[in-house]
Amino acid sequence: MKMAVASWRRCVVMSLRLLFLLPAGLPVRSQGESQSDNKQMDNITIRQGETLFLSCSQGDFVTHTAWLNRSSILYAGEDKWSVDPRVSLVTLNQDEFTIKIEDVDLTDEGQYICAVQTSRRPRTTSVHIIVQVPPKIVNLSKDLVVNEGSNVTLMCLANGKPEPAIVWRIISPSDDSLSSDNEVLEIPFISRYRAGVYECTAANDIAVDTQTVELTVNFPPSISDGRDVGVTLGQRGVLLCEADAVPEADFEWYRDDRRIFNGFDGIEIEDDGPLSKLTFFNVSEADYGNYSCVAINKLGSANTSIVLYVQDGSSGTSTVFTPTCLLLIVLLHLLLKF
């Protein structure tokens with residue numbers, strides 16, 4: 001029995017060798033000088049992870065049959081020779097010999113042969129398996145923080161079969177003018193307006209893989225022009241200062257050259273992101289005048305001036321008084337009484 005199995009194995013391996021060594025269509029002679037039939041099936045294309053079924057017809061008077069992958073025997077009749085647990089027998093009868101390979105991978109790609117030994121002559125059927133692999137991004141630039149004016153390079157590398165096409169684009173904020181069909185996206189002399197979320201897409205005929213990179217652009221504060229505020233004596237007054245900066249700016253308030261701190265003379269300073277508020281809960285004559293707001297981050301600073309002026313509550317008109325002017329008005333009022 002062992003000699004018969006060994007003889008059959010040699011026969012199968014010999015048939016495989018003849019298939020590769022002899023030109024297609026050239027007659028092959030067995031020991032009994034009978035002609036061997038070699039049939040080439042159409043290629044089978046399958047996706048990675050799917051189950052592959054390999055089937056060949058048997059015919060009458062079959063004595064031995066086997067499925068081979070290149071030079072390795074997978075199944076010889078009902079006997080499994082492969083140690084791969086993914087390979088199993090589906091059907092073996094007089095008409096059909098079918099095996100299956102589950103969870104197909106790229107290493108399963110190649111030529112498979114069904115060798116059939118009949119009482120008259122050997123017969124082989126070969127088929128080439130092509131494994132398609134969905135794209136997978138394997139190397140992507142990390143999230144970046146750069147200063148305005150820097151040159152930026154974003155890279156996206158992906159594997160897949162067929163080879164995936166790479167597309168870069170900015171998705172937040174959306175800008176169709178900034179895109180690339182290359183693995184590398186170059187952004188020279190970047191401005192604050194190019195900051196955002198960039199998306200790399202790798203696509204082939206099988207699937208699409210997408211990943212994103214967040215690009216942060218640091219820049220010095222740019223401050224909005226201050227808006228003068230008119231407030232009636234004894235009322236609540238609020239001065240607003242807004243600055244655009246990355247990182248967010250810290251704010252400082254000044255009256256002339258003197259810095260104002262939170263809680264000073266009943267004044268409240270409240271910072272909330274890009275906005276700073278200077279609040280007077282009970283405006284007095286001494287509060288009227290010119291104020292400066294300064295926005296500062298590690299890249300620079302900016303400032304603006306805001307005037308708090310007297311507003312006539314009855315008529316809605318307003319007048320700006322300097323401290324000297326206010327003193328003259330008070331003195332004039334006292335002289336008129338006498």
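Visitor: Which residue is the bridge partner of S88 in β9?
Guide: In strand β9, S88 has K100 as its bridge partner. Keep in mind that this is a predicted model.

Visitor: How do β8 and β9 pair, and over how many bridges?
Guide: They pair in the antiparallel sense, over five bridges, with β9 covering residues 96-101.

Visitor: What's the strand order in that sheet?
Guide: The order is β4-β9-β8, an open sheet of three strands with antiparallel pairing. The edge strands are β4 (52-57) and β8 (87-92), each of which pairs on one side only. On average, neighbouring strands of this sheet are turned by 20 degrees against each other, direction ignored.

Visitor: Switching to cysteines. How many disulfides does the structure hold?
Guide: It holds three disulfides. With bonded cysteines counted along the chain, they follow the pattern 1-2, 3-4, 5-6.

Visitor: Which cysteine is joined to C56?
Guide: C114, with an S to S distance of 1.9 Å. That pair links distant parts of the chain: C56 is in strand β4, while C114 is in strand β10 (residues 110-118), 58 residues apart. Both C56 and C114 are buried.

Visitor: And what about C156 and C200, which hand does that disulfide have?
Guide: The torsion about the S-S bond of C156 and C200 is about -75 degrees, so this disulfide is left-handed. C156 lies in strand β13 and C200 in strand β17, so the pair ties together parts that are 44 residues apart in sequence. The sulfur atoms of C156 and C200 are 1.9 Å apart.

Visitor: Are C156 and C200 buried or exposed?
Guide: C156 is buried, with a relative accessible area of 0%, and C200 counts as buried at 0% too.

Visitor: Which strands does β25 pair with?
Guide: Six bridges join β25 to β21 (residues 250-255), and the two run antiparallel. There, E252 stands opposite V294. Nine bridges join β25 to β26 (residues 300-311), also antiparallel, and I296 stands opposite S301 in that pairing.

Visitor: What joins β25 to β26?
Guide: A hairpin, through two residues.

Visitor: Now the packing. Which residues of the largest nonpolar core touch the most other members?
Guide: L239, W253, L278, F280 and L308, in a core of 24 residues. The elements giving two or more residues to this core include β20 (237-246), β24 (275-280), β25 and β26. A second, separate core has 20 residues, among them A158, Y198, L215 and V217.

Visitor: What is W253 in contact with?
Guide: Leaving aside neighbours within four places in sequence, the contacts of W253 include L239, C241, R259, I269, L278 and C293.

Visitor: Is I269 buried or exposed?
Guide: I269 counts as buried, at 18% relative accessibility. I269 is placed in strand β23 (residues 267-272). Beyond four places in sequence, I269 touches W253, F261 and L278, among others.

Visitor: Last topic: how many salt bridges are there?
Guide: The structure holds seven. One of them brings together the side chains of E148 and R192, at 3.0 Å, N to O. E148 is in the loop between β12 (144-147) and β13 (152-161), and R192 is in the loop between β16 (184-187) and β17 (196-203), 44 residues apart.

Visitor: What does R169 form a salt bridge with?
Guide: With E199, the closest N and O atoms being 2.9 Å apart. R169 is in strand β14 (residues 165-172) and E199 is in strand β17, 30 residues apart. R169 counts as partly exposed at 39% relative accessibility, whereas E199 counts as buried at 13%.

Visitor: Which residues are linked in a network of salt bridges?
Guide: D84, R86 and D108 are linked that way.

Definitions and conventions:
Residues are numbered from 1 along each chain as its sequence is written. This is a predicted model: local features need pLDDT of at least 70, side-chain atom pairs count only at pLDDT 80 or more; totals for chains, interfaces and linings use all residues. Side-chain values use heavy atoms; hydrogens and water are left out. Two strands pair if DSSP finds at least two bridges between them. Helices (H or I, at least four residues) and strands (E, at least two) are DSSP runs, numbered from the N terminus. Axes are lines fitted to C-alpha atoms, for helices over the stretch in contact, and angles run from 0 to 180 degrees between N-to-C directions. Buried means under 20% relative accessible area, exposed over 50%, partly exposed in between (1.4 Å probe, protein chains only). Contact means heavy atoms within 4.5 Å. A nonpolar core is a set of buried Ala, Val, Leu, Ile, Met, Phe, Trp, Tyr and Cys residues joined through side-chain atoms within 4.5 Å. A salt bridge is a side-chain nitrogen of Lys or Arg within 4 Å of a carboxyl oxygen of Asp or Glu. A disulfide is a pair of cysteine sulfur atoms within 2.5 Å.
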